[in-house]
Every structure is written in C-alpha cells, then in structure tokens.
Amino acid sequence: SMLWARSMPFLLWAIYSSTLLTGSSGSNGNDVNLICVNDYRVTVTCTLEVNASHSSTENATYSVEFFSKLEGSMFTCAFKKVMDSYKCTLDVDETFSDVDCYGVTLRHNLAGQLQSTVYEDCYEPELNIQPFPPQDLTVTSASQQYLFTWAGSKYKVYTDYNVLHHELWFYKKENPSMTRTVLHTDAASFIYLNEEVLEPDTVYVAKLRAGPENSYYKGHWSKWSSEVEWRTNSSLDDNPSDRIIWQIALSLAAVAVIASCLYCTLPARIWIKSCTSVPTPAPFFQPLYSHYKGDFQKWLLSQGLQGDLIKMEEVLKIDMLIDAKPIK
C-alpha cells in the first residue's frame, strides 16, 4: 500500500499528460520559448517568448502549469504581456528541495481553441536556480586596493552549501564599452580590486551579480545589482595612508635636524664662555682692588679724603641769590 501511495502522483501525471491536446509542431520549437527559473525557496518566475506569427491573433492567452510528481499538487500561472514577451510568477506551497520534480505544461488559448504542450517532463528546481541580485553594493579605498562589499544572502540554503559565486564588472564611466570582469568564487561577501589595474584620477563604475556554482546546484546569473561609482586617486602617493606616513616622516626629520643643531652649537657656546674672559681694570688700580675689592668708597675713607670732599661741598654752597638789575 505504501508503494501504491508513492506511485500515485506519477500515475496521475501520466493520466494528466495523456489527456493534453498536442499543439502544432512549432509550439515547442521555433514559435515559443519558455524559460522558468526559481529562487530555490518557493518562487518560480517564467518568461515566454512568442514568435510574432504565433501571437498575431488578438486575445490570445498563455498559462503554465506545474504538477508536483512528489506531492501530486498543481500550480497554475497566467502570463501577462510585458514589452515583447510574457511573464508570470507563482509560489508553491513548500520550500524546494533537491528531490522535487515538476511536470511543466504550457497552455495556449487561441481564438477559443485550447492547445496544451508538455514542455518539460521533470523540472528540477536545483538545476534552474536564479538568485536575487546582490544588495547594498559599496566601495571603499583600502591601502592601494578598493574593497567592494554587499549584504550577504539571507537564505540559509545559499550559505550552507556554498551555492553562489559572484561576478564583478567594472569600467570607466566615460567608456562603458571597455568592460573588465573580476570573478569571485569565495562564499565571503567582499572582493578586493588592486589599484594598479586602474587608471589614476578616473571615474569608474561597478556592478555585481550572483549565480549558482556548485557540483550539484545549477542555474542562471541573477540580475545586476545597483551600480556604484568612484574616482581613483591621482597617483599612488595620494593614498591617504601614504600621506600620513610622509607627514610623520617629515616631522621626525625636522626634529632630528633641530636636535643635531642644538647638540653641535651648545658645546661651542659653553667653550666660548669658559675660555673667553672680560678685561678687568684691577691691575691698573692697586690697592683699590687688592685691598678693597674695587669698593671706591672704602678706599676714600682709608685715605681720609671723604671729609675734605664734604668741606669742599660746604664751601661751594650758595647762601643768597641777588637779582641783578639790567644796566641802562
């Protein structure tokens, strides 16, 4: 009975697909092209490209049906025309796994006539992954390199199994046709770009996309992230860290020069002070200097001259001033 329960979904799919009306020979060939990708969680996005001759009839409608061979459930997605193609998005009930298998049927209603084509007998989600584009791409300068970072994937399945790798495109803003690519296969959410591969004082633009790259998981590149742009340094010497190093070096050199000058001039000044003496009148005024150490007042007292000087000052005093009248 358990074997019967497991085989029931496959039996239902066989009965279902046998009842489908087969479209024209070109329905699954040159007239239409159906591509369905998924985020490896619950969402499937399908794009249908239709030949102009096949869609010339007005009011033509398209839809796609997914039949789970594991669960026996069915999901239908109606296409809406967007520009020159048709698009639709649907969500399944449970998260995708590596054992899921879906039968994919394309339905086409043309002038009231329904045509159905089994487009894929076993659609495996793990082989048709298209991740979301990377978010919050930023660029910063770091020691003659440029560091690109972005928000890591919030989906655990991507990080647990190292499903994704990333591709960085960068080009000069004035010449977008000269595009260069940097591949990044590590699970970390950053890429280093050496400054030496870029032209100085130039504006560059970069963008990033993610895709499945694993021995088991396959699929398509994501859409591009939003672009970032930056201007490179005018030269390698203009790097901020280099400028700081040069400033420190110049400051140290100036201190060394000043210290050297002081070291050389200070002994010379001491030698001049110690070896050069100011002339003294002591040899010419003896015993003024030998006995009285140059004290002139003491020398006068010893000679008895100070009293005579005082008397001379008294004689020279003026007692009265007479105002002389002018002579007529």
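This is a predicted model: local features need pLDDT of at least 70, side-chain atom pairs count only at pLDDT 80 or more; totals for chains, interfaces and linings use all residues.
Me: Where do C101 and C122 lie?

Reply: C101 belongs to the loop between β6 and β7 (102–110), while C122 belongs to strand β8 (residues 113–123), so this pair ties together parts that are 21 residues apart in sequence.

Me: How many disulfides does the rule give?

Reply: The count comes to 3 disulfides. One of them joins C36 to C46, with the sulfur atoms 2.1 Å apart. This pair links distant parts of the chain, since C36 is in strand β1 and C46 is in strand β2, 10 residues apart. Both C36 and C46 are buried. Another disulfide joins C77 to C88, with an S to S distance of 2.4 Å. Here C77 is in strand β4 (residues 74–78) and C88 in strand β6 (residues 85–91), 11 residues apart. C77 counts as buried at 3% relative accessibility, and C88 counts as buried at 5%.

Me: What is the torsion about the S-S bond of C36 and C46?

Reply: The torsion is about 110 degrees, so the disulfide of C36 and C46 is right-handed.

Me: What is the pairing when the bonded cysteines are numbered in sequence order?

Reply: With that numbering, the pairing in this protein is 1-2, 3-4, 5-6.

Me: Let us turn to the strands. How do strands of a sheet pair?

Reply: Strands of a sheet pair through backbone hydrogen bonds, and the pairing is either parallel or antiparallel. In this model, an open sheet of 3 strands has the order β9-β10-β13, and its pairing is antiparallel. β9 (135–141) and β13 (190–194) stand at the edges with a single partner strand each, so one side of each has no neighbour in the sheet. On average, neighbouring strands of this sheet are turned by 20 degrees against each other, direction ignored.

Me: How many bridges join strand β10 to β13?

Reply: There are 5 bridges between strand β10 (residues 145–151) and β13, and the two run antiparallel. Y146 stands opposite L193 in β13.

Me: What is the strand order in the open sheet of 4 strands?

Reply: The order is β12-β11-β14-β15, again with antiparallel pairing. Its edge strands are β12 (175–184) and β15, and each pairs on one side only. The twist averages 30 degrees from one strand to the next. Strand β11 (residues 164–172) and β14 pair over 9 bridges in the antiparallel sense. The bridge partner of K172 in β14 is Y204.

Me: How is a pair of aromatic rings described?

Reply: Such a pair is described by the distance of the centres and the angle of the planes. A search of the whole structure finds 12 aromatic pairs. In one of them, the rings of Y40 and Y217 have centres 5.5 Å apart and planes at 75 degrees, so the pair is edge-to-face. Y40 lies in the loop between β1 (32–38) and β2 (43–50), and Y217 in the loop between β14 (203–212) and β15 (228–231), so the pair ties together parts that are 177 residues apart in sequence. Y40 is buried, with a relative accessible area of 5%. Y217 is also buried, with 7%.

Me: Which residues form one aromatic cluster with Y204 and W230?

Reply: Y146, F148 and F170 form one aromatic cluster with Y204 and W230.

Me: Which residue lies over the face of W224?

Reply: K207 lies over that face, at 4.7 Å from the ring centre.

Key. Residues are numbered from 1 along each chain as its sequence is written. Side-chain values use heavy atoms; hydrogens and water are left out. Rings of Phe, Tyr and Trp (its six-membered ring) pair if their centres lie within 6.5 Å; planes under 30 degrees apart count as stacked, over 60 as edge-to-face and the rest as tilted. Buried means under 20% relative accessible area, exposed over 50%, partly exposed in between (1.4 Å probe, protein chains only). A charge sits over a ring if NZ of Lys or CZ of Arg is within 6 Å of the ring centre and within 35 degrees of the ring normal. Two strands pair if DSSP finds at least two bridges between them. Axes are lines fitted to C-alpha atoms, for helices over the stretch in contact, and angles run from 0 to 180 degrees between N-to-C directions. A disulfide is a pair of cysteine sulfur atoms within 2.5 Å.
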